[in-house]
Amino acid sequence: MCGIVGFTGARAAAPVLLGGLERLEYRGYDSAGIAVLHGGAIRVEKVSGRIAKLREKTGDGALTPGSAGIGHTRWATHGAPTDLNAHPHLSNDGRFAVVHNGIIENYLELRRELIKDGYVFQSETDTETIVHLLEKYYDGDIKTAVMKTAARLEGSYALGIVCTDTPDALYVVREASPLILGVGVGENYFASDVTALVSHTKNVIYLEDGEFAKLTPDSIMVCDCAGRELKKPISRVTWSVEAAEKGGYEHFMLKEIMEQPAAVKAALAPRIHEGRVQLDGFELSADELRGVGKIIITACGSAYYAGCSGRYAIERLCRVPVQVELASELRYSDPMVDEHTLVLVISQSGETADTIAALKECKARGAKVIGIVNVVGSTIAKLADHVLYTFAGPEIAVATTKGYTTQLTVLYLFALYLAEKLGRIDADSYAALVKELQHLPRKIQQTIDMNWQLPKLASRYSSRSLFFIGRNTDYAVALEGALKMKEISYLHAESYAAGELKHGTIALIEENQPVIAVCCNEALMDKTLSNIVEVKARGAKVKIVSQADDVIFIPRAETVFSAALAVVPLQLLAYYAAKEKGCDIDKPKNLAKSVTVE
Ligand code: AGP
């Protein structure tokens, strides 16, 4: 979703801002803009559409001189993606410019008040209220104006502000929206995402909710919402610049699919010692273990589907009931959660608004929350009682791939850890499963290597609607396979529990209907095969993803871990189908990488 960047230093700001915005493109956006301080004024340039257009308009930044500025990519919420609604927004007196990530929930009330006060609005956005409030509260002291403004805002925000009275300074403040300061030498930065910073500096400061900061080329001052100055630690980002680049692949998505063996290895390696699973200093006390009467897994989208696979692993190995809940539903469901519930919250970005809300709801009811998160320092990582990082590295393509398989990996590790702690697994099975888990990276690589025929298979689907079927763990994979296909190729794809087809959906099966059957669960193979026969009898063309019309093979694996292999050909199938159709694979229409609104 929206992205913000800011730069102050001795060199030209606009090229740095444009480069930073390009690094945030993957989050999804539909307009972009920059504001640069120069000669006592603020110059704003904004466009609807892509950053390439903004580059053209600003002569790659050369036409927008100045060494301090802010930039924004907007994913439209309030008002269409037009030039006028694009950020930055200017105050009526031209003194302030603002970029904003998040949503101001009370903006209508503020807008009415500001119009009454005589302020003139140029856009339909919630953000514009902020810049007029700054003008209203400004009496020469910017910090106070920002604090007073922030106190009036309800909702979520990460704000970047410049003011003509302080031509080399940037101001930021956050509430429920990520904001990271980049610490450079003779120059400083801010961004909503570290990927915009890593090419400049790996030294960062993570701002917390309610914190305000002033950045000049040589200083960073952070204070809390009461205005007290804080000493914030500087953290080191471990992601490399190369990790956030395509590295010779045509798309980030393909690169990230290919990175899965390494990513899964990175999630496993530090957690298996001498044949035992150890979870980053994580220990459930005997009391907590006794208290694990029920586990709830909550997440959105693919992370939810990872939870669906994880449920089978945890229930099978630990014999503890697991409920998997969509975060957007759980948050409003008056959930049956208490201090005896262990909640696993899964999120690649760690910033998904519904997932954060579900986490807060569960915590408020006394549950212990474990976050399974990729982005270090993200909101979910901070709110959870304990974090298990997935170590996938930066995931840029909107469609998650290595984010999902590393979530599965951490869930498998967790299942083994808990099964042992609860004494629900015998030593031999435990040892065998740990070993099997260690083979996953190699087997994912084999899955990629042995499926060179997928581009050809995908080309047959690029104009069709598709069904994905499976049972049990295979059904969980089918759900993720169908989502991948939908989000990047825009093909209509539905997933069904294979046994459910005959209860209604089979009516849709007709001659040549492509059906992708995930068939990796050996114990249920015969059952799924019966369902395949049923659809074939009605004219369907069936592709099977299986260990065993077209068969896509994966290496033989323990059923409980097979989702991490079976999903790989489905990711590739979706990728090649989207490529065949000429889709914008890394930035599918209407989608954002990190969904920070409800
Ligand atoms: C997956 O390909 C999606 N783009 C989406 O479903 C995603 O998994 C979901 O929005 C959750 O994101 P998170 O893992 O960052 O919380």
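**Entry 1: a hairpin and its sheet**

I began with strand S12 (residues 212-216) and strand S13 (residues 219-223), which run antiparallel and are joined by five bridges. I noted how strands are defined: they are DSSP runs of E, at least two residues long, numbered from the N terminus. Two strands pair if DSSP finds at least two bridges between them. The model is predicted, so I kept its rules at hand: local features need pLDDT of at least 70, side-chain atom pairs count only at pLDDT 80 or more, and totals for chains, interfaces and linings use all residues. Residues are numbered from 1 along each chain as its sequence is written, and side-chain values use heavy atoms, with hydrogens and water left out.

Phe212 stands opposite Cys223. Thr216 faces Ser219.

I then followed S13 onward. It pairs with strand S14 (residues 229-230), antiparallel, over two bridges. Val222 has Leu230 of S14 as its bridge partner. Five residues lie between the strands of this hairpin, and Gly227 takes a positive phi near 90° there.

Where do these strands sit? I found them in an open sheet of seven strands, ordered S5-S6-S7-S8-S12-S13-S14, with antiparallel pairing. Strand S5 (89-90) and S14 are the edges; each has a single partner strand, so one side of each has no neighbour in the sheet.

**Entry 2: the other sheet**

I traced an open sheet of eight strands next. Its order is S3-S2-S4-S1-S10-S9-S11-S15, again with antiparallel pairing. Strand S3 (41-48) and strand S15 (235-236) are its edge strands, each pairing on one side only. Strand S2 (residues 31-38) pairs with S3 in the antiparallel sense over eight bridges. There I found Ile34 opposite Glu45 of S3.

**Entry 3: domains**

I checked the domain assignment of the protein chain: domain 1 (3-243), domain 2 (246-438) and domain 3 (448-587). Such bounds come from an automatic or database assignment. The centres of domain 2 and domain 3, taken over C-alpha atoms, are 25 Å apart. Their contact (heavy atoms within 4.5 Å) takes 31 residues from domain 2 and 28 residues from domain 3.

How much area do domain 2 and domain 3 bury between them? I read about 2,600 Å², 68% of it on carbon and sulfur atoms. Buried area is the accessible area (1.4 Å probe) that two parts lose on being put together, summed over both. Met253, Tyr305 and Tyr312 supply 21% of the area that domain 2 buries against domain 3, more than any other three residues.

**Entry 4: links across the interface**

I counted two salt bridges between domain 2 and domain 3. The rule is a side-chain nitrogen of Lys or Arg within 4 Å of a carboxyl oxygen of Asp or Glu. I also looked at Lys579 and Glu250, whose side chains meet in a salt bridge (3.2 Å, N to O).

Which helices supply the side of domain 2 that touches domain 3? Helix H6 (252-258), helix H7 (260-268), helix H9 (301-318), helix H13 (402-421) and helix H14 (427-450) each supply at least two residues. Helices here are DSSP runs of H or I, at least four residues long. H9 gives the most, with eight residues.
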